[in-house]
Amino acid sequence: MLGPAAVLAHLVCGAATALVMACFVELSSEVTRTGGPLAALEDILGPWPGYLCWLLYGLYGLAACGFLSLALSDALGLQGVARVASSTGVVLFIGTINAVGVRYGLRFAVATTIAKLVPLALVILGGAFVMSRENLHIPAWPTSDALGTAAITMFFAFSGTEAAMLPAGELRDPRTTVPRGIFVAVLSLTIIYASVQWVSQGVLGGSLHGTAPLADVAAAAWGPVGRTTVRIGTAISVLGSLSGALLTVPRWAFLGARMGVLPANLGRVNVRFETPFNAIIATTAATVLVALSGALQILAALTSASILGVYLAACLAVLRREPDQTGFHLPGAKVIAVAGAVITVWLLAHLSTREFAAVCGTLIAGVLYRVALNRRQLGRNMPHSE
C-alpha cells in the first residue's frame, strides 16, 4: 500500500474500528452468554436480521481462518504440498488446544500476541531514528475512490476485536471484562498501527511498495539482524491472529446450534473440558477445507466485505436498543452509532463487484437454507391424520 493513500486509509480504518467497537461495548452489557455480539444482535434486531448477521460472521470467520493459515505458510516461505501440510497441521494443533479448555487457548493466543509485539517494537523504535522528514511530505491527496479501495484492502487488519465477546459465556464477569478488554484492544491497535505506518512512511517514503516493507524498515534501522527478526515476527504475528480466530469462531457454530440452524450436537458443552467441543472440532475441520482451496486473495477479499455488514448491524442495534438500568452505558452512544454507520456505509460502497457478489450470494443461499429449514421443521410439528 502506497504513501498518502495508505496513511489516510489507516486513519479511516482506525476511526471506523473505534466507532464500531464503541457500539459493541455499548451492546456488551446485553451479553453474558456464549455467542457474544451475535447473540446481542439477534436479541435487539430480531430473528431474521440476527440470523443474517450470524451468517455474515460465519463467512468472515471461516474465510479469516483459512486466509491466516495460508498466510502463515507463505510467511515461512513454503510452497506446494508443504504449504498445504503446514496450514493443516497448525490448524489442527490450535484446534486441539482450544478443545481441551478455553484457558489454554487464551494462554496460547496471549503468548503469541506478546511475542509478535517484539519485532513491531524494533520497527517503531529503530525506524524513528532513521526517518526522513521529506518522506512524510504528501505531494498530492488521494481521491475518494483510491482512499476507499485502500481502506477496504487493509480493513481486515483492524477487524476482529469484537471476537472478545464471543466466548462471553465462558468468561468470569463478562459485563466488566468484555468492555475493558475491547477498549484496551482498540486503543492499543490504533497506537501500534499508526506508529508503524508513520515510521514506515518516514523511512521508506515512495519506496513503500515492497513485498516486505516492515523488514525493509528493520533492515534500515538494525541491519540484517533486524530484517531476519521481523520476518520471524511476521510468522509469529500471523500465528497469533490465527490462534485468536480459531478460539472464537467455534462459538459462532455453537450459537448457530442454539439458534436451531445447525445440528444440535454442535451446541453441546463437553462435561470434561467445559468447552463447545463438537463446535470446535467442526469449525477446525471446516477451516482445513477452506485452507485447502489455496485461494488466498479471494479469502482476503471476503473477510472485509462480510465483517462490514456485521459492523453496520451493530451500529443500527445501538440506535434501536433500549438500555436497561443495570447495563453499561456509553456516553453519546447514539451519536457514535450514527457516525459509525456512515463511515461503514462509505466503506461498503467501495467493495469490488466480486466482493459484493460473493457476499450477496452467501446471503441469498443462507435465506433459502433458512426458509427450507423452517418448512421442514413446520412439517414435523404439524399433526398427521390417522
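**Helices, cores and confidence in a predicted model**

The protein has 13 helices and zero strands. This is a predicted model, in which local features need pLDDT of at least 70 and side-chain atom pairs count only at pLDDT 80 or more, while totals for chains, interfaces and linings use all residues. Residues are numbered from 1 along each chain as its sequence is written, and side-chain values use heavy atoms, with hydrogens and water left out.

Reader: Why is a set of residues called a nonpolar core?
Author: The name applies because its members are buried Ala, Val, Leu, Ile, Met, Phe, Trp, Tyr and Cys residues joined through side-chain atoms within 4.5 Å; buried means under 20% relative accessible area (1.4 Å probe, protein chains only). The largest such core has 84 residues, and Phe24, Leu27, Leu41, Trp54, Phe155 and Leu347 touch the most other members. A second, separate core of nine residues includes Met131 and Val203.

Reader: Which residues does Leucine 347 touch?
Author: Contact means heavy atoms within 4.5 Å. Not counting residues up to four places away in sequence, Leucine 347 touches Val12, Ala16, Ala151, Ile152, Phe155 and Leu308.

Reader: Where is confidence lowest, and where highest?
Author: The pLDDT is the predictor's confidence in each residue, from 0 to 100. Its mean is lowest in helix α6, at 73, and highest in helix α12, at 90.

Definitions and conventions:
Buried means under 20% relative accessible area, exposed over 50%, partly exposed in between (1.4 Å probe, protein chains only). Helices (H or I, at least four residues) and strands (E, at least two) are DSSP runs, numbered from the N terminus.
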